Every structure is written in C-alpha cells, then in structure tokens.
Amino acid sequence: MADWKFDKILHGGDYNPDQWREYPDILKEDIRLMQLSKCDLFSVGIFAWSALEPKEGEFNFGWLDKVLDDLNAAGRKVLLATPSGARPAWMSYKYPEVLRTNADDSKNHHGGRHNHCMTSPIYREKVRIINTELAKRYGDHPAIVGWHISNEYSGECFCPLCVDEFRIYLKKKYGTIEELNRAYWSDFWSHRYNDFDEIEPPFTRGEGSIDGLRLDWKRYCTLQTVDFMKAECAPLKEFAPEKPITANFMEIFGGLDYWRFTDVIDVASWDSYPKFRGDDSDYEMMLNTCFMHDLSRSFLKKPFLLMESTPSLVNWSDVNRMKRPGVQKLSSLTAVAHGSDSVQYFQWRQSRGSFEKHHGAVVSHEGTENNRVFSEVAELGDILEKLKNVAGSMNKAEAAIIYDWDNRWALNFAQSYHKGDKQYVEVCVENYRALKRHGINVDIVESDSDLSAYKLVIAPMMYLMKPDTDKWIREFVQNGGIFVTTYASCITDENSLCILGGFPGRLRDVLGIWAEETDVLYPDQKNRIVFSDGTEYDCGFLCDIVHTEGAETLAVYGDDFYKGTPAITCNGFGKGKAYYVASRAENKMLEAFFGSLINQAGIYRPAGNTDVLPENVYVTEREKDGVKTIFVMNYSTGKKTVTLKNAEYTNALTGEKVSSSVCLEPWGISILQYE
Ligand code: GLA
Ligand code: ZN
C-alpha cells in the first residue's frame, strides 16, 4: 500500500482545464487565484477522456503536460484522475457493448456519465489503455501526489455479460445448485433452480421475491465494481507504485458496500453536500454529514480527504440555497474536526456551459477574486495553513456504532415491519446523535469486526447476522465491553434466512432475553418507556415484546396489552453488559440512556462535560504526538458558551492563551490546542 502523508491540511478542488483549452490565458489566471486563496491540491482530468483521446487510439496530452508543468512550477499538487466516469461518444457508437443496461432490460443510449458496464471486456480494455498512457507519461511527474480513480462509482448493469458474471459469482460462492437453493429457501413459490444458468438477476419485471438473491445481486454489484477498480488501478500500480490511490465516495450511499473498497484505496475520500437552510435545524441535518466523516475515517482508521464540497451552492437540489456567510468555513472545518486532512471543492472554476454551469465554484463566471465566496475560500486557506500540526492526527474513539450495508439491504428487502425503506440509516444516525450530544468521538464499524478497541458498541437494528458477528460481540462483552442492540436485531443469518429457536437469535444468551413478538405501529401511534424512578419517554415505530431470561428489566412499556413488560433490559455476561432497547424512543431517552452508559464505561469526553453539550454544539478531538486539538462548533443562529475542562489552551489560529470558557458566535468554531 502506498502511503498518504502530508504535513499540512490540503486545500483545493476539482479542476477542469480540459474545458478551457480555447482560453489560453485562463491557466495563468487560475494559478494566480490558486496562490491567492492558498489552494494547493487539485483533482485534474476527472471527465477528460474526450480531450485525452479525441479519436480511438489518438492521444492528445499536450494540454495536460502544460497544466501539470505549470501547476508544479507554481508549487501546486495534483491528484490525477482516471477518466472512466464518462467516455467519448466514438466509443459508445463503435462499441455499444460498453453502454449500461437497466433493471427493466432497456439499454442506455450514449450520454450523461456513469453510464457504462463494469463487466464489458471492451470497456475494461479501453480503460486499461488510457490509464496505462497516463501512468507511463505522468507516473513520476513531480506535481502528482496520488490518483483519483474514476468518479463516484455507482450503478448496476443488467446486460447479458453482467448476467453471466453474476452466475459465475454464484457458482463460485455456493459450489452446487443445491446449496444455493438451500440459501434461497427456494421451495417457496416453486422457485427451485436446477442449474446456475436458470438464474437471473432481479430485473424489474423479474425475480424480486427471493431476499437471498437480491442480497447476492447487491453484493455482486459491489464486488464487480471493486474488481473494475482493481483493473483500473493495475497500470497505475505497475508504472507508479508509490502513488496512493483514492476513490471519491458519496454520503452513506446505498448502492455499494464501501467496506469492500478498503483494501483497494490507500486513503479514503468523500464528496459532501449538506443541505444547509441557514437556520437552527442545520445541526440535525449535519448529523448525517458527521456520521459520514466518522465512517470515512473508520474505513482505514486513518485521516481521510474531503474530496468535494461546494464553496457556495449546488445546482441539483430542490432548493439550491447558498451557504450563509461563515457556513462554508464552519462546514469545512467540521470535516477537519472529524479527521479530514483536506478541504476540497467542486469546483475550482465554474464551467461556462452544460449541466453544471450554475453550480457554485471558487472562481465564478465573473472571474475575479473580488467577491464574497472567493474571500471566504481565501480566509479558509489562511486558517488551514495555521492548522499544519493537525494533519495526520487522529480522532481516538472509545465508542462505536455498527453500520453495515448487507444489513441495510436485507432489512429493506424484507416484506415486514413498515413497507419500503426500513429507516435503518435514520436509526443509526439517531443513535449516533445521542453519542454526539455528549461530545465524544465515535467510530463506525462493520458488523463482523474486532470490537476490542472499544468500551461501548451500539448495534442499531442489526437484523442480519454475518457468520462471525456474534463471535465478535460475545468476545467483546465477555471481556468487559458494554453492548447495546435494539428492536429488529439478530433476526436472520447472512442469507436472510430467519434464525430458528427464538429472537434475538445467536445473541439470545448474551442479551438474556427472548423477543417473542414485534408490534409495528402506525406513524401516529405511540407507546411509552417507563423507568423504575418514574421517568418516562415516548416510543413507537417497532415495539418488541420481550421476556427476560436472566436479564434485569430497567424500563417497561407504559401502554397497550404489553404494558409492564420489559422495554429496556440489561444482562451481565462475562465481565461486560449487554443491553436491549426494545422500541424506538424519542431522542431525549437515548441521550439520557447513552449518557449513563458513557459514564459507566468511563468513556473519555474531550470537553470534560458529564452530561449533554449545549444544544446545537458539536465537539470532537484529534490527537498527535501528545498534542490534542479540540474543535467546538456552533450550528446555530445564536451565540453559545461552552465550558471545557481545565487545561492550558492555546487558540490554534491566533496562538493566544485562552480560558476554558469558549464563546462561540453564530456559525462559529473554536479550535484549541493543549497537551
Ligand atoms: C458530485 C460529482 C461532481 C459534481 C458534483 C456536483 O459530487 O462527483 O462531479 O457533479 O457532484 O455537486
Ligand atoms: Zn453489463
């Protein structure tokens, strides 16, 4: 693995000089503006295939030579992109095989982007050729610090080539058709297969009723994308083995299991576009963003890159509201606060025409530095230079949330509970929120991973159990960990076959309970969770009806025919404790409950608080070589005062010694360092 190491927080963005080849003065002007705004890292060539290979086998690298040489001379760094996210028209017309086929069996025409088949040998070969040319020519170019692979991998292809590959994948996975029939419970509705060749992926008008098949298709699409990525990277690894590789991910994207990319990437990165309203609700909206920041850091347990963000507004939202003054600074530094070693924008220069001409950019159509957006970017450039010693530092977390794509898919495929989306992501983020209200660092982990680094692990709606999930959890609790799981957990095995013998399945003994039934509530219906001291909270959505089998009852239901039965239980197991939260409770209950678990586990709180933070405030901490950097962020339109533990704080931006009482302006942030 190539290492990604920088001694500063990088600043920059997507740069598309390929669109400006007929404007020869622009490059020079761009470089002037880059220097002015202290932007030093640019992703170049992301969609530049038709500029690089205008006709089949005819390459045109002159413009890129100049761009890279000039950027290098000006001290700028480049992530060179492979252009596979979109392709020239000549290729689609000559080789229609490269075009994607949709789930309804319709074949796409040329157009848009992300519109290719990941299996097509011709597409793979064309990608290999262009990537080889790029790697040979630029592999040791001094401006290039890494590779930006394709762009936001996504999508599924149902063409005959992909159907064949899917069958090969299944054959390899199950060995025999009997084994597959067993995993798919295929006697149901007479769905037994005699041969792998009889299997089709879940076409819209085809097989949508076998959960195991739908899950396998999702897994296959991820693995095929990873395989495509590996093929893309092969020439880069051959000609430039020391240059690290990244692929830009999207926010908690449902289409691909990003955990499977972790052995291909050297540094994680993602594109972040929170929908700011500019009011106090932005705190809640930012939870998804912060969750994704923490997930991105957790992928490799290393700092990540904020690969894209908008300096002002996007152009694809329902309402393309611009960021209020100060919000671009706050949201960018929020990424840094959670472990990003860069702040990058889409895009450097606003394109003149086509689909994204109204998307925000550092350099607008007006073209100068004399405007609000540019000034705010330049101000951030100054700030990032002052945060030099934050680069490479880590957020150490003692609490983790289990988040898993197989589980998300399996839950959504299940004809059960509420129809359609089962709100798995929302529930994960709700649980995350309760931890963040206490200002602790949080990691996000896969469901079958070693948990020994943590004191507290929360597994919301862990419906699907992978083969080793219970082993890791059992070990974790046995050794003194505090584990929490919820309603709709431990229901199926990895093929989505229900676990026999009572829920919560393989964790029944660890949790010391039996969940006999699950009540599904209409959105306007609720129950109550009542603690023994009389404190009570609303709950709803799902209510498991639970019997204790050794666990202690901490709270009971307040209503309905199961009034008085356990709603929250705690079971001692080995040296640790396993809690079951049987229903989805209001935020206040989770805040209070997790607060008590954080205190019980002795989890480190960077701010030194013992209860929740002031409303709308986030706190994180990064650490390197004994120097701690605490970030205190105010996502509200009002001022906030936050009292930190006693320490000798230095303001990381001004170098001044400061007290432990922090006053934050609206949308304000305070970055303090101490040892
Ligand atoms: C994504 C893409 C970019 C651009 C932006 C616009 O993140 O990667 O190419 O389209 O969205 O917000
Ligand atoms: Zn295909």
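This is a predicted model: local features need pLDDT of at least 70, side-chain atom pairs count only at pLDDT 80 or more; totals for chains, interfaces and linings use all residues.
Distant parts of the chain are linked here, with Cys-117 in the loop between helix H4 (89-94) and H5, and Cys-157, 40 residues apart from it, in the loop between strand S4 (144-148) and helix H6 (160-174). Cys-117 counts as buried, with a relative accessibility of 0%, and Cys-157 counts as buried at 6%.

Next, turn to the aromatic rings, of which the model holds 43 pairs. Select Tyr-123 and Phe-228, whose ring centres are 6.0 Å apart and whose planes stand at 10°, so the pair is stacked. Because Tyr-123 belongs to helix H5 (residues 121-138) and Phe-228 to helix H8 (residues 211-239), the pair ties together parts that are 105 residues apart in sequence. Tyr-123 and Phe-228 are both buried.

Then select Tyr-557 and Tyr-562, where the centres lie 4.9 Å apart and the planes are at 80°, so this pair is edge-to-face. Tyr-557 is buried, with a relative accessible area of 1%, and Tyr-562 is buried, with 2%.

Finish with two charges over rings. The charged end of Arg-21 is found over the ring of Trp-63, 5.9 Å from the ring centre, while that of Arg-584 sits over the ring of Phe-541, at 4.5 Å from its centre.

Technical notes. Residues are numbered from 1 along each chain as its sequence is written. Chains are lettered from A and ligands numbered from 1 in the order in which they are written. Side-chain values use heavy atoms; hydrogens and water are left out. Rings of Phe, Tyr and Trp (its six-membered ring) pair if their centres lie within 6.5 Å; planes under 30 degrees apart count as stacked, over 60 as edge-to-face and the rest as tilted. Helices (H or I, at least four residues) and strands (E, at least two) are DSSP runs, numbered from the N terminus. Buried means under 20% relative accessible area, exposed over 50%, partly exposed in between (1.4 Å probe, protein chains only). A charge sits over a ring if NZ of Lys or CZ of Arg is within 6 Å of the ring centre and within 35 degrees of the ring normal.
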